[in-house]
Amino acid sequence: MGGGDEELMLAYRGGDAGAFEELYRRHRGGLFRFVTHSVRDRAVAEELYQEIWMRAIEARNRYEPQAKFTTWLYTIAHNRLVDHWRKKGLQLVALEAEDDYPANPGHEPQRILEAKRGLERFARALDALPAAQREAFLLHEEAGMSVPEIARATGADEEAAKSRLRYAIAKLKEALGDG
Amino acid sequence: MAEDADPKASAAYRELGAQEPPRALDEAILAASRRAAPSLTGRPAKSRLSRWAVPLSLAAVVVLSVVVTLRIQHEAPGIESEQTLPAATSAPARVAEAPPPAPKAEAPRKPLAQPTAKAQARQEARRDEPKALPDAAADRAPAGEAAARPAPAAGALARSTAKLEVESPERELERIAQLRAEGKHDEADKALAEFRKRFPGFKIPAAMVERVERRP
């Protein structure tokens, strides 16, 4: 089935179940990685991943193709993750904090920098990023979002989104020994 | 976006591996999406139906009303002239449209002073008909009409017909002739003057003139 994501979502809104299957096929991997890299617990990540799609299904009648489908889908994902973090007792402001992510107590940047080069170090660096920066990076990589789109999906202003992405990339490059 | 892109970071991220959701999770989500889809498919048809429900109902009511009205008028031919009645100029036209029983009424009423068996029989037959007297007409019309028409709406229709007949010139003349025959000449004169005022263009038939006008 061809067509853009927005057309497929409109078709699904009109009752075409096949359109949703195609949309799901296109975005399942990216969204799944976005969630699993955001939440380290695999079981929790799978639960959140399913809930995000369920919310998308439930919200189908409210879908308007004013923004890209990916922006709409990842906005739902962002909101669900924020709910998750809130339940964990994490304030939104902490998402902005540089090194204050409670689920990441043992991953200080210094320790990451001291680790051997390679993917493991990169993975740890990604893991060690503040949530907001990691989210910006994942949206950029998995959903192919530009800075304005990241800003829209996360409800931040463009300057903040740009700053988060820039910091995230700088730290990851540093972990790769390219900083 | 170009200024934010970093090929090395992107490449390293890709090397982390393409994690995929478990098959069971895929199937659960797709099953939920399919469950939601049929209700969406049904919705447009339902909304189309509901969109047309009100206009269709109104159209049905209008058609039904027209059919019932035509049927009633067909069964009571005098009713259609009711609207033209208030205009005095239309009175002659109504004479032509008046139902046959009205002219016939002159014959049986004429010999009232000297009743015959035939006249009496006709009077018996007319007992249930609306009378020229307004009070009696209003009260008796429903019963008389009800016998000739289907039950629904018969009362209202009968009252309309009674009103029509009370105001018809033939009936009025008949009433005056009756007064004259009963010797109530003053009342008859007054009624005749009133009649000529109400129906200035109405030509009273010669036979009726003899019955309604005072004779020396």
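pLDDT is the predictor's confidence in each residue, from 0 to 100. Helices (H or I, at least four residues) and strands (E, at least two) are DSSP runs numbered from the N terminus.

Conventions noted: residues count from 1 along each chain as its sequence is written, while chains are lettered from A and ligands numbered from 1 in the order written. Because the model is predicted, local features need pLDDT of at least 70 and side-chain atom pairs 80 or more, whereas totals for chains, interfaces and linings use all residues.

I then checked residues 97–106 of chain A. Their pLDDT stays under 50, and they have 11 contacts beyond four places in sequence (contact: C-beta atoms, placed from the backbone, within 7 Å). Residues 108–116 of chain A are also below 50, with 14 contacts beyond near neighbours in sequence.

Next I looked at helix α1 (residues 7–15) of chain B. A9(B), A12(B) and Y13(B) are buried (20 or more other C-beta atoms within 10 Å; exposed means 12 or fewer; C-beta atoms placed from the backbone). The buried residues of α1(B) fall within an arc of 100° seen down the axis, so they line one face (arc of the directions from the helix axis to the C-beta atoms). P7(B), A11(B), R14(B) and E15(B) are exposed on the other side. The cover over the buried residues includes α7, α8 and α10 of chain A.

Last, the interface. I find 26 residues of chain B in contact with 33 of chain A. α2(B) gives the largest share of chain B's side, 12 residues.

Terms used:
Two residues are in contact if their C-beta atoms, placed from the backbone, lie within 7 Å.
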